[in-house]
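Here is a short briefing on a structure. Keep the sequence and the 3D view open while you read.

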Amino acid sequence: MPEMPQRCSALFDAYQTGTFGAVPEDGPGIQLAERRGLAIIHLAGPGGDENFRTAVKGCLGCEAPVIPNTTATADGRCLLWLAPTRWLLVSARDAPGDLERDLSAALASHSGAVTDVSSGRTVIRVTGRDARQLLAKGCPLDFHGSRFKPENCAQSILGAINVLLHATGDGTAIDLYCARGFALSMWEWLTDAAGEFGYSIDVAIQG
Amino acid sequence: MNGQPFRNAEGGIIDHDRSLGFTFNGRRHQGFAGDTLASALLASGVRRVARSFKYHRPRGIFAAGEEEPSALVQLRIGARTEPNVRATRVELFDGLVANSQNCWPSVDFDLGAGAAWVSRLMPPGFYYKTFKWPGLLWPAYEHVLRKLAGMGVAPRQADPDRYEHRFAHCDVLIVGGGPAGLSAAIAAGRAGARIIVADDGPEFGGSLAAEAGPIDGAPAREWAAVAVAELTAMPYVTLVRRASVFGYYDHNGLAISEHVADHLAEPLPFQPRQRLWMVRARQVVLATGATERSFVFADNDRPGIMLASAARTYANRFAVRAGRRCVVFTNNDSAYGAAADLAAAGIEVAAVIDARPGDPGPAAAKALGTGIERLAGHAVVATRGGGALTAVEVAPLNESGDSLGGSLRRFDCDLLCVSGGWNPAVQLHAQAQGRPVYDDTLAAFVPGPSVQAERSAGSAKGTFTLAGCLADGMEAGAEAARQAGFEAAETPPVPACEDEGEAAPMRALWSVPPPPGLRRKRFVDLQTDVTQADVELASREGYKSVEHLKRYTTLGMGTDQGRTGNVPGLAVLARSLGADIPQVGTTTFRPPYVPVTMATLAGREIGHHFQPVRRSAMHGWHETAGAAFVPAGLWLRPQFYARPGEGLWDAIYRETVAVRTSVGLCDVSTLGKIDIQGADSAEFLNRVYINAWSKLGIGRCRYGVMLREDGITLDDGTTSRLARNHYLMTTTTANAGAVMGHLEYFLQVVWPELDVHIISVTEEWAAIALAGPDSRKVLERLTDDIDVSNEALPFMGVREGTFAGVPGRLFRISFSGELAYEINVPADYGQHLWEAMLEAGKEFDITPYGTEALGILRTEKGHVVGGELNGRTTADDLGFGRMASSAKEFIGKRSLNRPGLTDENRKQLVGLVPADGKTAIPRGAQIVTDPDQALPNPMIGEVTSACYSPNLETPIGLGIVAAGRARMGETLYALSPMRGKRVAVTVTNPVFIDPEGERLRA
């Protein structure tokens, strides 16, 4: 039986590290990096059901947030609120198949669905002092720090592409999730729009 | 003096030490940093700048701001050239090139001016009246008129510059950075509100830069600088320069066009030239200022006639004398200050002609002083001059303003400054559904009650004193902040200004009668060459509505939107109709308030950024293999893979035959895939599909057809049962989004009680079809944990296993009609599997095939796609009638009994072959029984798919034909009159190959 091959990102061919655009003296205003190798699981279930949420937490160590557009992170796993009954689970430390299997087993006695979408999403991390200015070029959301806070997430568009945005950590990095098929178009949009600020493409983040 | 005879050596806010060279109409001129093209032209003594739209009359510079109706130029050359640019809005840069437009051979000698000689033959509606008959000749007329119409020349090359978009949000948007706008910004900013201040100039301050009196004992400019510094230091304040707010839309959405780099010869690398802002503001302060207007009198359009405020701006801001000797014609106090400033700048003021019989206010009288002659109760009635103004004729005006008394008096002058009163800039207020109201005292429209969250401040509201504007702005800014949630916002103290005293009332005067016997044009709208006679004629012809008048005469339809001409036009119409101005009303104010380039609206949505593209995981391989791509929705799919030396048809033929004779593989990742889980999944499928799902076993799949609620077929596809409560539905590529929305709607709205969870997994799985008699042999080499024998994995079987080391799913389904499989693996492994399949199939000459071959294969098999699933066909029309279960309810079932859907004459799916066995059937052709019948020949069907079948070696087609299934063997005709085609076709079974399905079960 052949070896399990490496996962191949949708951006593999286009990804070229370096510094581009009109870079000012104090360095590029934008850093772009793809997050690769993530386990991304779509979770559906009764968000209002305490037992369901307990089961989720018991399996993942991480709460399923109930407040719209918020996220919960614990132990290298993050749950992003998508809808009253839907979350996206993102893990940098699990293999997609294992996580899908474990969570399915933990929720076997509950209504709900666990679906591996690790290959179906491309995740691009945008950081830098002009990150929010860059996103404002194509996304109608309010990116002011008082509105789009650390650990907030939101579903919107960037250019004409559906995107899930996540202000990770202290909010300086924003992760963009888009459908794999749109990834290259999104990448082209980002690198075009970032030229004005100067941008670097950094080595892809494993996890 | 440096070739600038009209420039003062000192003064203004230009940089006298930085000289800039520019070219106008081929002649080199000099200006200074801080100039506009207009001020630099005036400094150089250029007076004729343009020719007018209709009559090609020479025109000069009339204004100093965005209201300029006359001085429109062709700016720049080559790919960056832009027509109809207002010279007053162009910041001078070194090397600027501009040319007059609408004239030939030159602005000084223009053959088009002949239009003026025949102008009496060209009344409003001239084209309609003259060229309407005979109608057949209109195309010929239009051909000629097209050349005469329009102004300037559009560039022929692609625009080399970037144009960008951005969204923005704020608590308070302040439109205008003059005294009222800056005050509002200070008030709202101190309250802590997040604000955006947009000003259309290169620097904030508006009239504070040069026209206004001192504030707190210092020049107004200094107060503005302090205010800007304070605002800049506030972290929540965004100041946007060179930014025109041009549209006010619903829910306080406003659009701004920011001229980021128009003041440069060319933008810096990566810098956009212009940027479109789409702002969502909780509250808006409109501090848009006011526009001075002129009077209607004979020959009121000569170069040298200028708004008094504009001449003042040129003197104070640019140190430019707009003429040597001037006459001021006014009906209000504001022009007195202008006259004083002009005199101070060195222009000889010959006289102030005041239409009011009485005295001006004390401040105005003081400003004017005693050295300048003043004629009260007089008006300028006519002007003299060849290419430009040389003299004006003045006469006493009677009390009602409709006749002249006494004799004409002539003043030699090269500058006439006119001030007919001020129009508050109510346009944005009106775009926000506010209704401006007419103010008799100001003889102007002022903002009415607000509908959206906006308020006007300063002269935009009809407040014309400096102290009033500052106070207004402070109050409006504080109020806006409070309304935006900053309840503690206080109104800052208003700085001390000079007491301007009480102004004397203005005299509402619109039009001055001409001297007896003088028949000269009296313009209402300078940009569109509309005269008082035109308005009066339109009124006599029955155009009583101002909206009709506008369209008939083109009054106010220029790029200036009638800034200076509209209100006088309304007044003339009102008098002509014997009505009041408020009764006549205004035309509707619409965006854009200022001209906006198409490029700005397009932004970066150009070229390959026009719309995003979806690519499958194997896209890179397809590209390398030289595939031709075809768009399928947003997806790009390989159409065919031509080998070197192969033509399009050779490749398609080869790919099609390979599938029928050996094996092919096709990227079918674009098919919609929906993951369905939950205890009620089978029930859910029963409700959405017409056929029954309760008995589908695990590891099996089934073909399903779903209907819309109206009984029309929505989509078809297979659904597989992966586990007890776990299904995978597939849809067509085209309908993937629609089906997902359809299912979500029913789950969320209609059947929330069902325990079913769905999610699109189209993007998660790369899907590869493996089709052909050798496909099983290839499959055996790819997987070692699935028994793929016919017994273990029969037709419509589903298995999970490993393929070339990758876990995935295997479906034994067939679109081509051959023995075929579809393998799904996570998309990150798609290209790996594709390459592994090519390797495994090498010995069978495995052939990648594209959508063309796929289309032929499915047509040969009679499978339906978009042409047949066209939103008009029922399941029965397509031959699926017997699939519909009578034992259950499903979406669309109740509609199937509607008479229209049970009609025996409905169009049904049939196969078509040419009667002669060789003539291609035109796709989309209409099907008739008798091709020679007189028109209109009843159409009984249409050709929905057509191709040449390499396997049958004959053209074939699918069609939907009235009562088609009862017509087997009949000869009908496929007509395509647009293409001159007429083919006799025989009606057949739609399944051309292997109707018993032996191959796919092999």
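At what angle do helix H1 and helix H2 of chain A pack? The angle is about 140°, and the axes lie 9 Å apart. The model is predicted: local features need pLDDT of at least 70, side-chain atom pairs count only at pLDDT 80 or more, and totals for chains, interfaces and linings use all residues. Residues are numbered from 1 along each chain as its sequence is written, while chains are lettered from A and ligands numbered from 1 in the order in which they are written.

**Helix pair in chain A**

- Helix H1 covers residues 50-60 of chain A, and helix H2 covers residues 96-106. Helices are DSSP runs of H or I with at least four residues, strands are E runs of at least two, and both are numbered from the N terminus.
- Axes are lines fitted to C-alpha atoms, for helices over the stretch in contact, and angles run from 0 to 180 degrees between N-to-C directions.
- H1(A) passes H2(A) in a right-handed crossing. A crossing is right-handed if the near helix is turned clockwise from the far one by less than a right angle, and left-handed if anticlockwise.
- H1(A) makes the contact with A:Ala55, A:Gly58, A:Cys59 and A:Leu60, and H2(A) with A:Asp102, A:Leu103 and A:Ala106. Contact means C-beta atoms, placed from the backbone, within 7 Å.
- By class, this contact has five nonpolar, one polar and one charged residues. Ala, Val, Leu, Ile, Met, Phe, Trp, Tyr, Cys and Pro count as nonpolar, Asp, Glu, Lys and Arg as charged, and the others, Gly among them, as polar.

**Contact between chains A and B**

- Chain A gives 41 residues and chain B gives 42.
- On the chain A side, strand S3 (39-44), strand S7 (113-116) and helix H4 (183-193) each give two or more residues. H4(A) gives the most, with four residues.
- The chain A side divides into 18 nonpolar, 14 polar and nine charged residues.

- Strands pair if DSSP finds at least two bridges between them.
- S20(B) and S21(B) are joined by four bridges. B:Glu393 stands opposite B:Arg410 in S21(B).
- B:Ser403 lies in the loop between S20 (389-396) and S21 (409-412). Why does B:Ser403 count as exposed? Because it has 12 C-beta neighbours inside 10 Å.
- Leaving aside neighbours within four places in sequence, B:Ser403 contacts B:Asn398 and B:Pro513. B:Pro514 is 111 residues away in sequence, with a C-alpha to C-alpha distance of 8.5 Å.

**Strand S22 of chain B**

- Five of the five residues of S22 (415-419) are buried.
- B:Leu415, B:Cys417 and B:Ser419 are buried on one side, and B:Leu416 and B:Val418 on the other.
- S15 (305-307) pairs with S22(B) in the parallel sense over three bridges. B:Leu307 stands opposite B:Val418.
- S16 (325-330) also pairs with S22(B) in the parallel sense, over five bridges. B:Val327 stands opposite B:Leu416.

Conventions:
A residue is buried if 20 or more other C-beta atoms lie within 10 Å of its own, exposed if 12 or fewer, and partly exposed in between; C-beta atoms are placed from the backbone. Two residues are in contact if their C-beta atoms, placed from the backbone, lie within 7 Å.
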